[in-house]
Amino acid sequence: MRGLIERLCTSYGPAGREEQVRAAIITEIVKLNESYTVDTLGNLVVHKSAAAGKKILVAAHMDEIGLMVTYIEENGFLRFTNLGGIPPGILWGLRVVFADGLVGVIGQEKIEGTRKPDLKQHYIDIGAADREEAQARVKIGDSAVYFAPVYQAGKRLSAKSLDNRIGCVVLLETLKRLGGLTLPVEVYFAFTVQEEVGLRGARTAAYRLKPDYGLAVDVTRVGDTPEPDFKTGVALGKGPAIKIMDSAVICHPGVTRLMQDVAEKKGIPFQPEVLERGGTDAGAIHLTREGVPSGALSIPCRYIHTPAEMVDLDDVENSIALLTELLKSTDW
Ligand SMILES: [Zn+2]
């Protein structure tokens, strides 16, 4: 699994440009002998059918946050805008990489007084001497993502884009463990696009697939670091979080209860999650058509939207165990 995490986290896939990460996931799906479809917007879907069970859509987004070039200065520096939630306070000195492997360094203008830095006061330095040289390498509208290696210390693993490649890993590993089993439910595993810019891929995927239930698999914030900016009991290493609410969904109590029951019955640790800021694909899925009862399984994660997001591998393992058992449950 470590190799899979490494392959997916080092793949390039900002919102709207998911083709490289999608190709990496397709390689894994082919290894598992499963078939797949790619829809109009680019969502990748694996269908595991049952004779006559409820239809469950399990979604994990493939895209990551990124920076899109908006303007090239005369002296060759690139101005950019954000694709999703880029925290401006951490950018100075970070490296970013474009689709073709071109690497740039983020610089920052002088900040007056105690003002917090703004995205507009940053630029990407690709080492070009002037606009002409820069234009030969980069175009307006090109996107970059953080350039960062994967690092493991004990059970803790740190990488860029664990949000949400780790969710993609949970889906792929679950798919592998379900193998040739005949499930009591019909499952669509969807690797969605453009979550970071507003849950867009999940919206059209859910419309097309018409599920009876929706389940997002994504990361969630924790409160186990010094002076966290909000109070939550969610911590690394204490099991997957079962979402109750975030800013995009109030999870269906029936789905939440089923998730908790299955976890308790199978002895899988879990944590209740109420996330005050942030949303997942469940936010889009539950509002599809006449409404879809939905829930979410969250992998606790520190330093979300930085180049060094961090998860605990026991939580990843327990997330796979919980998702696998949920899809084998006859209680949907
Ligand atoms: Zn996410």
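Predicted model: local features only at pLDDT ≥ 70, side-chain atom pairs only at ≥ 80, totals over all residues.
How many residues of domain 1 are in contact with how many residues of domain 2? The legends below start there.

View 1. Residues are numbered from 1 along each chain as its sequence is written, and side-chain values use heavy atoms, with hydrogens and water left out. Domain 1 covers 2-64 + 160-328 and domain 2 covers 66-146, bounds that come from an automatic or database domain assignment. In answer to the opening question, 13 residues of domain 1 are in contact with 14 residues of domain 2, where contact means heavy atoms within 4.5 Å. Taken over C-alpha atoms, the two domain centres are 30 Å apart.

**View 2. The area buried between the domains.** About 1100 Å² is buried between domain 1 and domain 2, with 67% of it on carbon and sulfur atoms; buried area is the accessible area (1.4 Å probe) that two parts lose on being put together, summed over both. On the domain 1 side, Tyr-12, His-305 and Pro-307 lose the most area to domain 2, together 43% of what that side buries. Between the two domains the count of salt bridges is zero; a salt bridge is a side-chain nitrogen of Lys or Arg within 4 Å of a carboxyl oxygen of Asp or Glu.

**View 3. Asp-312 and Arg-156, strand to strand.** These two side chains form a salt bridge, 2.9 Å from N to O. Asp-312 lies in strand S17 (residues 309-312) and Arg-156 in strand S11 (residues 156-159), so the pair ties together parts that are 156 residues apart in sequence. Strands (E, at least two residues) and helices (H or I, at least four) are DSSP runs, numbered from the N terminus. Asp-312 is buried, at 5% relative accessible area, while Arg-156 is partly exposed at 28%. Here buried means under 20% relative accessible area, exposed over 50%, and partly exposed in between (1.4 Å probe, protein chains only).

View 4. Asp-331 sits in the segment after helix H8 (313-328) and Lys-265 in helix H6 (residues 253-266), so the pair ties together parts that are 66 residues apart in sequence. Asp-331 is exposed, with a relative accessible area of 51%, and Lys-265 is exposed at 63%.
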